[in-house]
Amino acid sequence: ALGRRAGEEGAVTSPMVGTVYTAPEPGAAVFVSEGDTVKAGQTLFIVEAMKVMNPITAPTAGKVTKIFVQNAQPIEFGEALAIIE
């Protein structure tokens, strides 16, 4: 198991098919890194779908223990993007 399962405890999953971005724009700092503590509602990623930028926010407060995606990677609906514990 690669730990990419949407059912995993604390998994933040993609609500759509698209391209995931880990920073607000090219060359900018990433939204979050592994080990960061986040607040509920904090932006973790942006998923671009049909030219619309959709923020993916933390469902709960916690520590980002794993990030599964890389910048500009295509993703599937339901794919795990990160784990927040």
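Predicted model: local features only at pLDDT ≥ 70, side-chain atom pairs only at ≥ 80, totals over all residues.
Leaving aside neighbours within four places in sequence, Phe45 is in contact with Val20, Tyr21, Thr22, Phe31, Asn54, Pro55, Ile56, Ile67, Val69, Leu81 and Ala82.

**Phe45 and its surroundings**

Phe45 belongs to strand S4. With a relative accessible area of 1%, Phe45 falls under the 20% limit and is therefore buried. One of its contacts, Ile56, sits 11 residues away along the chain, and the C-alpha atoms of Phe45 and Ile56 are separated by 5.1 Å.

**The nonpolar core**

Which residues touch the most other members of the largest nonpolar core? They are Val38, Leu44, Phe45, Ile67, Val69 and Ile84, in a core of 16 residues. Strand S4 (43-49), strand S6 (62-67) and strand S8 (80-84) each supply at least two residues of this core.

Apart from neighbours within four places in sequence, Ile67 is in contact with Val32, Ser33, Glu34, Phe45, Leu81 and Ala82. Looking back at Phe45, its own contacts include Ile67, Leu81 and Ala82.

**The chain as a whole**

Stepping back, the protein chain has 0 helices and 8 strands, so its pattern along the sequence reads β-β-β-β-β-β-β-β. Its radius of gyration is 12 Å, close to the 12 Å that the globule rule gives for 85 residues, so the chain is as compact as a globular protein of that length. The C-alpha trace spans about 30 × 25 × 20 Å along its principal axes.

How much of the chain is buried? Buried residues make up 38% of the 85 residues. The chain exposes about 5,000 Å², and carbon and sulfur atoms supply 55% of that area. Among contacts between residues at least 6 apart in sequence, 58% join residues at least 24 apart. As for charge, there are 6 positive and 9 negative side chains, and the centres of the two sets lie 1 Å apart.

Tyr21 lies in strand S2. At 23% relative accessibility, Tyr21 counts as partly exposed, because its value falls between the limits of 20% and 50%. Not counting residues up to four places away in sequence, Tyr21 touches Phe31, Phe45, Ile46, Glu48, Asn71 and Ala72.

Glu48 has its place in strand S4. Is Glu48 buried or exposed? Its relative accessible area is 16%, so Glu48 is buried. Beyond four places in sequence, Glu48 is in contact with Gly18, Thr19, Tyr21 and Met53.

Val17 is found in the loop between strand S1 (11-13) and strand S2 (18-21). Neighbours within four places aside, Val17 is in contact with Ala49, Ile75, Glu76 and Phe77.

| Pair | Apart in sequence | C-alpha to C-alpha distance |
|---|---|---|
| Phe45 and Ile56 | 11 residues | 5.1 Å |
| Val17 and Val30 | 13 residues | 21 Å |
| Tyr21 and Asp36 | 15 residues | 17 Å |
| Glu48 and Thr19 | 29 residues | 5.2 Å |

Most residues other than glycine have a negative phi. Met50, although not a glycine, has a positive phi of about 50°. Lys51 is another residue other than glycine with a positive value, and its phi is near 70°.

Where do these residues lie? Met50 is in the loop between S4 and strand S5 (52-57), and Lys51 is found in the loop between S4 and S5. Met50 has a relative accessible area of 79%, which is over 50%, so Met50 is exposed. Lys51, at 74% relative accessibility, counts as exposed too.

**Putting the picture together**

Strand S4 holds Phe45 and Glu48, with relative accessible areas of 1% for Phe45 and 16% for Glu48. Tyr21 in strand S2 touches both Phe45 and Glu48.

Conventions: Residues numbered from 1 in each chain as written. Heavy atoms only, no water. Core = buried A, V, L, I, M, F, W, Y, C linked by side-chain atoms within 4.5 Å. Buried < 20%, exposed > 50% of the residue type's maximum accessible area, 1.4 Å probe, protein only. Helix = DSSP H or I, 4+ residues; strand = E, 2+ residues; numbered from the N terminus. Contact = heavy atoms within 4.5 Å. Rg over C-alpha atoms; globule rule 2.2 N^0.38 Å. Areas by Shrake-Rupley, 256 points an atom, 1.4 Å probe, with all protein chains shown as cover. Lys, Arg positive; Asp, Glu negative; His and termini not counted. Charge placed at Lys NZ, Arg CZ, Asp CG, Glu CD.
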